[in-house]
Amino acid sequence: MPDRVQDELIAMATKLFDEGKVDYFLGYKKGTLKFKTSPLIASHREELQQLWVEDFFAVNLSLYLKEIKGRVGILVKGCDSRSLISLLQEGQIKREDLYIVGLPCPGQIDPRKVADAAACEREELEEISRRGGEILVRVGSQEKTVSKNQTLLDKCLDCQHPKPLIFDYLLPGDYVAPVQQIIRSQDELRQKPGLERWAFWAEQFQRCIRCYACRNVCPACICPRCIVEENMPQWVSPLPTAGDNFVFHLMRLMHIAGTCVSCGECERVCPMEIPLMKLNDKMADDLRELFDFVAGVDLNKPLPFRTYRQEDPNDFIK
Amino acid sequence: MYRKITRENLKKWLTGLKAQAEVLAPAKVNGLWTYTEFNSQELLRGFQNTRLPPKGLFLESLRALFGWKSQGGSLQLNPLSSLDGQRVIFGLRPCDARALRTLQPVFAGDYPDVFFLQNLSRTLLLGLACQVQCEGSFCSEMGIDPQDSADFDIFFREFPEGYIARIITDKGNILAGESAFEEASAEEWKLARGQIRGRREKPLFDLERVQVNVLEYFPDENFWRRISAKCINCGICTYVCPTCHCFDLCDLQMPGQGVRFRCWDSCAFPNFTKMAVHNPREEKWRRYRQRVSHKFNFFHQNFQTIACVGCGRCVVYCPVNLDLREVLLEVSR
């Protein structure tokens, strides 16, 4: 991405500190590994020089609003801005405490997919850069060109909101309008009979090591005490058995229905590479079809799971 | 003592061992490198190290310890049968083998842990020299030679015609006594030491200074607050760590019977030290400080070795790029 975006971001954030508008600024700094960025939680003006803009933004920064108290400037892409809307809807954050700097997003590159497209191991990738609509990859002394659609994170391929939906200041930059009306809802798994889907997830959850990274990295997981850690009574055992893992993941999914904005962080961080977004996407589709609701898009639309109607056609809740 | 074997014969040899033992070797399962039953798979193409460390084969993430039954007021304990099937693991890396040796005294202390110790004694460890410095790793800084190790029964180096084996233990000697192996010289062994691709010229930090300084940093709350600010309190760093060994106990109860299980636990979890009236590590900076201080100092006080082997897994898989190497570098200054 062009340096001028980065310069403008640093200037903007510095101004916020100078004018006393924020106590913290949340952005990214250069990571210590190839193709990684690291969250920057700046509390001093001097730290802002580390702000960094590139193609491998990981961590949905709205995550940190749970614990940072004070006025916060925050950098958001389209999907992250949807998390802010969800958090505002849930009363978790106050709009007046935030200064939102929006970054139009050209889609984030997934090094794992680049490696697949370039037919090499991820570790062998040396450089990834954009050239027009294509991605240039250097593996050893060789250069290869692969198409952008082969390398973007799956979630970015059908992103409907690459431009932040809520912001106080919008940085310049190209963003990609939705590439095509895709794919994720046409996931092959969904066409399969129930027993096969059950077998698929049983195998996936069998591998879960219960590190809870999916939950902890999720901006929508807002409970200060999670039910899986309660032991009086113990609803879910801490043992990583297939059954308890199943309960953990499905329960988490239900709890974030309507506030999960498909930012993809849970799937990105999973050390066992469990394809959690398949579940999130199914949930998002169901919400759209059954409740006419898309998470994190409209601040004024009530959350389906926080709404009670006397005339609800189902009587289980009455 | 050294021996050599061709690639083809190594496969045949490992296949032959399956008659006497469970043979595990690295393979990709669901896209992740893991030690799994050896099935003459194309060995090791692109293999650097497994996603999860081999500690799980010794300290399982889920292990039944004993069962019980109660009938008419009497309680009957059912100890589980001992683990005695022989195992061979091929392709282990020097960092992970050192980690197993590091864990040994923990589980062999005043209260011997039969499960870990039986798992260790029933397993032959066949090591393999590294050719690439893994991303995020700092094994050399931790005093580990990625191309040599005495922590195995047999340690292999690749060379153009196959593998040269350094026979380390008597068990290893018996295992490699078969005709598939030929005699090799010390000279051949030396020549097979290859270059490590991507190896750093200079160490990142001085380990001795880390060990000393970490105690000095211990009371510095601001330091640990700053370092741990972006930590999200997940268990990845501890679960992918080959030396982290904290566990939890949990009963599965059914009417009239039950089983006590052991599972991994993590000092990164807020509940880890939660007690009836107090949690001494409520805040995450205290937890992160504990993890670093334990590995690089407290463990040494107890067992005269440092509880980190520099494999780099925690560095690579941390969701927020909280890089232990950066922390150690700061501590060592």
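The radius of gyration used here is taken over C-alpha atoms, and the globule rule it is compared with is 2.2 Å times the number of residues to the power 0.38. This is a predicted model, in which local features need pLDDT of at least 70 and side-chain atom pairs count only at pLDDT 80 or more, while totals for chains, interfaces and linings use all residues. Residues are numbered from 1 along each chain as its sequence is written, and chains are lettered from A and ligands numbered from 1 in the order in which they are written.

**Chain B as a whole**

Select chain B to begin: for its 333 residues the rule gives a compact globule a radius of gyration near 20 Å, and the chain has 22 Å, which agrees. Colouring by secondary structure brings out 11 helices and 12 strands in chain B, where helices (H or I, at least four residues) and strands (E, at least two) are DSSP runs numbered from the N terminus. Of the residues of chain B, 39% count as buried, meaning that 20 or more other C-beta atoms, placed from the backbone, lie within 10 Å of the residue's own.

**The sheet of chain B**

Next, show the strands of chain B in the order S3-S2-S6-S7-S8-S9-S1-S10, which is how eight strands form an open sheet with mixed pairing; two strands pair if DSSP finds at least two bridges between them. Strand S3 (32–37) and strand S10 (182–184) of chain B stand at the edges with a single partner strand each, so one side of each is left without a neighbour in the sheet. From one strand to the next the twist averages 30 degrees, with axes being lines fitted to C-alpha atoms and angles running from 0 to 180 degrees between N-to-C directions. Within this sheet, select residues 154–159 and 162–167 of chain B, the strands S8 and S9, which run antiparallel and are joined by six bridges. B:Glu158 has B:Tyr163 in S9(B) as its bridge partner.

**Strand S1 of chain A**

Move to chain A and select residues 24–30, strand S1, which is mostly covered, five of its seven residues being buried. S1(A) pairs with strand S2 (residues 37–42) of chain A in the antiparallel sense over six bridges, and with strand S3 (residues 72–76) of chain A in parallel through three bridges. Centre the view on A:Leu26, whose bridge partner in S2(A) is A:Ile41, and which stands opposite A:Ile74 in S3(A). S1(A) and S2(A) form a hairpin with six residues between them, and in its turn A:Phe35 has a positive phi of about 60 degrees.

**Domains of chain A**

Colour chain A by its domain assignment, which gives domain 1 (3–102), domain 2 (109–151) and domain 3 (186–309); such bounds come from an automatic or database domain assignment. The C-alpha centres of domain 1 and domain 3 of chain A lie 26 Å apart, and 17 residues of domain 1 are in contact with 15 residues of domain 3 in chain A, a contact being two residues whose C-beta atoms, placed from the backbone, lie within 7 Å.

**Where the chains meet**

Finally, show both chains and select their contact, which takes 27 residues from chain A and 32 residues from chain B. On the side of chain A that touches chain B, S2 and helix H8 (213–216) of chain A each supply at least two residues, and the largest share, three residues, comes from S2(A).

Note on methods. Buried ≥ 20, exposed ≤ 12 C-beta atoms within 10 Å, placed from the backbone.
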